[in-house]
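Subject: Structure for your review

Dear colleague,

Please find the structure below, together with its sequence. A written account of what was found in it comes after.

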Amino acid sequence: PQGVSHRLRGSLRAVRSRAPQLGGSFAVWGGLFSMIDCSMVRVRGKEDPWNSITSGALTGAILAARNGPVAMVGSAAMGGILLALIEGAGILLTRFASTQFPNGPQLSEDPSQLQPPPFSNYQQYQ
Amino acid sequence: MLPASLGRTCLGRWLLAPRRCALLGTGTGAGTGTGSCLRWRHRPPLLLRPARQSIGTQAGGLRAEKYGDNSKDVSVQRARNEETLLSAAQKVKEAGRDFTYFIVVLVGIGVTGGLFYVIFKELFSSSSPNKIYGDALEKCRSHPQIIGAFGDSIKGYGEATRRGRRQHVSHIEYVKDGLKHMRLKFYIEGTESGKQGTVHVEVKENPETGRFEVRYIFVDVDTYPRRTIVVEDNR
């Protein structure tokens, strides 16, 4: 239909009818992903990019559980790859941001918390 | 029109045959009908309807094809005329559009490939800070002094970003005496009364194997009493 007002009304109608469903599916995806992510962090005890990738794969698998095992595997692969891409982008960003500050601390000697090397006296005697 | 009329007469014979066969109809036409009616007696109801339908559609289809042929001829002629109207300018526009789409696809594939390469190197290469952090955490978890100070289950994490995720491990790479060194710093936490500690790791590149070897690992206990536990020292 021509006319801006017609199109606006049509799009508003579509938004009102589809928004709950779309928001609901996003909420389910995000909620399930965060749940699995936090559980994995607790179980493994360390925070890793691996947690996010596995969480994405498991979320994709669970949400496709109605369509049989083959669909679950495909959906898991898609979720895992999507999250691997997002993690890669995050890592790139942090690396890029850290190289913006070129002057780091000058590290030429070992930290003071360490005692002098245990075998240095031995070498001196030689 | 001719095949349609023939079909209708055959149809008519089939329709009338079952009624008349009992009467032993007269005439040669009916004779063939009676000859065949014994055969066709049980089958006509099944054959008649699809036959009627097919004949109807055939006749209609013949008519439609004739019209369709005309329209097809017209459309073919029209297309031929339009093709010659596609001048060089239109062709250049089409080619330009295809080219930009191709460039967009290439850029997308390049970006995706780059991201995959980054994540692959980060997770699987042995010289990535994440791998070194994982190995150092495992060594800390199996060290008796650390277990005594922090408890059984030790959690490890890195720098906290604004969203609260702590996946990034702060590291610095530098070159000393022609060999690559890397220093890492991450935090560990135990279950015993909220004890927290900072782990400092330094690795040095082994020139023969090309892998990173641990130079030292030591842990600063941040909570009171402050002390330093040396896990490994290979200097």
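Conventions

This is a predicted model, in which local features need pLDDT of at least 70 and side-chain atom pairs count only at pLDDT 80 or more, while totals for chains, interfaces and linings use all residues. Residues are numbered from 1 along each chain as its sequence is written, chains are lettered from A and ligands numbered from 1 in the order in which they are written, and side-chain values use heavy atoms, with hydrogens and water left out.

Fold of chain B

Chain B contains six helices and six strands (DSSP runs numbered from the N terminus: helices are H or I with at least four residues, strands are E with at least two). Their order from the N terminus is α-α-α-α-α-α-β-β-β-β-β-β. Of its 235 residues, 29% count as buried (under 20% relative accessible area, with exposed over 50% and partly exposed in between; 1.4 Å probe, protein chains only). Among the contacts in chain B with a separation of 6 or more, 44% are between residues 24 or more positions apart; contact means heavy atoms within 4.5 Å.

Nonpolar cores

The largest nonpolar core has 23 residues (a core being a set of buried Ala, Val, Leu, Ile, Met, Phe, Trp, Tyr and Cys residues joined through side-chain atoms within 4.5 Å). Helices H5 (129–141) and H6 (144–150) of chain B each give two or more residues to this core, as do strands S3 (179–189), S4 (196–205), S5 (212–221) and S6 (228–233) of chain B. H5(B) provides the largest share, five residues. The residues with the most contacts inside the core include B:Ile146, B:Phe150, B:Phe186 and B:Val219. Beyond four places in sequence, the contacts of B:Val219 include B:Cys140, B:Ile146, B:Phe150, B:Ile188, B:Val199 and B:Val231. A second, separate core has six residues, among them A:Ile53, A:Ala84, B:Val118 and B:Ile119.

Interface between chains A and B

Chain A gives 31 residues to the contact and chain B gives 36 residues. The buried area is about 2,900 Å², with 60% from carbon and sulfur atoms; this is the accessible area (1.4 Å probe) that two parts lose on being put together, summed over both. Six residue pairs are in polar contact between the chains, both residues at pLDDT 80 or more (N or O atoms within 3.5 Å; within protein, one must be able to donate a hydrogen and the other to accept it, and residues adjacent in sequence count only if both atoms are side-chain atoms). On the side of chain A that touches chain B, helices H2 (49–63) and H3 (69–98) of chain A each supply at least two residues, and H3(A) gives the largest share, ten residues.

Salt bridges

Seven salt bridges are found over all chains (a side-chain nitrogen of Lys or Arg within 4 Å of a carboxyl oxygen of Asp or Glu), and one of these lies across the interface of chain A and chain B. B:Glu122 is buried at 6% relative accessible area, whereas A:Arg95 is partly exposed at 28%.

Within chain B, B:Lys155 and B:Glu189 form a salt bridge at 3.7 Å, N to O. This pair links strands S1 and S3 of chain B across 34 residues. In chain A, a network of salt bridges links A:Arg44, A:Lys46 and A:Asp48.

Three buried loop residues

A:Glu47 lies in the loop between H1 (4–44) and H2 of chain A and is buried at 12% relative accessibility. Its contacts beyond four places in sequence include B:Tyr133, B:Arg165 and B:Arg166.

B:Val169, in the loop between strands S1 (155–157) and S2 (170–176) of chain B, is buried at 5%. B:Val169 and B:Gly158 are eleven residues apart in sequence and 4.4 Å apart in space, C-alpha to C-alpha.

B:Ser128 lies in the loop between H4 (88–124) and H5 of chain B and is buried at 4%. Its side chain reaches the backbone oxygen of B:Glu122 at 2.8 Å, and a polar atom of that side chain lies 3.3 Å from the backbone oxygen of B:Ser125.

With kind regards
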